[in-house]
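Could you walk me through this structure, one selection at a time? I have the viewer open and would like to know where to click.

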Amino acid sequence: MDVIWVNLPFLLKGAYYTLLITIISMFFGSIIAVIVAVARLKGNKFIRWMARAYVSIIRGTPTLVQIIIVYYGLADYGLNLQPLTAAYIALSISIGAYLSETLRGAIQSIPKGQYEAAYASGMSPYQTMRRIIFPQAIRVAIPPAGNTFIGMLKETSLVSVITVTELLRSAQLLIAQYYVYMPFYLAIALMYWIMSTGFSFVLERIEKRLSIYD
Amino acid sequence: MININNLSKSFSTLEVLKDINLQVNSGEVVVILGPSGSGKSTLLRCINGLEELTSGTIEVSNIVVDAKKSHKERNKQIKKVRLHTGMVFQQFNLYPHKTVLENVIEALLIVKKWSKNDAEIKGETLLKRVGLIDKKDVYPSRLSGGQQQRVAIARALAMEPDILLFDEPTSALDPELVDEVLAVIKELAQDGMTMAIVTHEMTFAQEVADRIVFMSDGVIVEEGPPEEFFSQPQTDRAKKFLKKM
């Protein structure tokens, strides 16, 4: 256990990067998701096709492969990204695809009458979307999106392969130094679990706040 | 106020409205009756552009929507029409994520860009009018169907429309809740509000209507004052319809 306590600051720094990557990817992924979901629902034929292709490609390929393509693949074309930047980009693009599907489903679940009431009162399609449909759709999308976010938190371990010193790689570096595995791996497993639980808790609170009108 | 000329409406191959001509004058209450599937609701929804016209024209408060014009131009006109019409739906369609007062003032804030203070004063006045001021901070899910529909009426009134359209306002209500909604509509009629009402409530129609329009199979079969329509219907279809009621 001593090796853990001594190296705890180092592991916590790894946990910090894990959280940072998760939150930044969540943020940009959500923006991508909104744009893609609206593009699939309201865009013209070409835009809809683009959005579908994006979702299909991202969901149909391993996240690990996407990360490697962004970091190593793009380097072939002279685009040398920092590992952390590559991680943000790859994971935002990845999570955006999954979230956009969640959001699209949620938007489609809002009854037609809501649009009609808003249109009848003179609102534009944009105003209707922003003020009436979206707030309700977000509420529907929160539980499944929460699952995606927690999945994301765990998937950040994949960026260890591009030398981002997040939690998993921190453990690996320590293992290389001490030649013991179990204490470090158990320690980071516990830390992942604590972070996931923390996330679930926050999401539950948000869900509750949004459901005051039920 | 409303002037509908040669209006036809088809859903792909199904023609639901055939060459409709109808006028509604200022201050008049027109009740549209007819069996299910006769096109009553579609006619109402054409007036504020929730359905597109296939052919013909609709004029509301001197704004003309012409089926012959381009899509873009029609949309522009429809948007103007919607500022002069209010609609009350069968399923209420209140915004579930907004309180009663927020439901009423939403369009005032967003469409008319009123200040929150002015809108709230107006909203509260309207909620008093429909008897629901004590519910102003409650979410719609906490209200009975009848209360929800009264809020929906207040919401439609908030925009100060020239005409109110009612699409079967009591059809989704439990029988014991129908009267409170009809009472509100009757009050509006007494206040001189111009209204077009699609309903299955015959007694109410008789009481509130200045004129009955009877539709069947997408055409206006008969129209006239309620006393005449209910006591001496002219056509067989109207006679059959009234007998079934």
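**A tour of the interface**

Start by selecting B:Arg45 and A:Glu116: they form a salt bridge, with their closest N and O atoms 2.6 Å apart. Here a salt bridge is a side-chain nitrogen of Lys or Arg within 4 Å of a carboxyl oxygen of Asp or Glu. Between chain A and chain B the count is two salt bridges.

Before going on, a word on the model: it is predicted, so local features need pLDDT of at least 70 and side-chain atom pairs pLDDT 80 or more, while totals for chains, interfaces and linings use all residues. Residues are numbered from 1 along each chain as written, chains are lettered from A and ligands numbered from 1 in the order written, and side-chain values use heavy atoms, without hydrogens or water.

Next, show both sides of the interface: 19 residues of chain A are in contact (heavy atoms within 4.5 Å) with 25 residues of chain B. The buried area, meaning accessible area (1.4 Å probe) lost on being put together and summed over both parts, is about 1900 Å², and carbon and sulfur atoms give 57% of this. Now highlight A:Ala120, A:Arg131 and A:Tyr213, which supply 29% of the area that chain A buries against chain B, more than any other three residues.

Finally, select helix H6 of chain A, residues 125–155; helices here are DSSP runs of H or I, at least four residues, numbered from the N terminus. Look at A:Ile142, where H6(A) bends by about 50°, the angle between axes fitted to the seven residues ending there and the seven starting there. A proline, A:Pro143, follows within four residues.

Terms used:
Buried area is the accessible area (1.4 Å probe) that two parts lose on being put together, summed over both. Helices (H or I, at least four residues) and strands (E, at least two) are DSSP runs, numbered from the N terminus.
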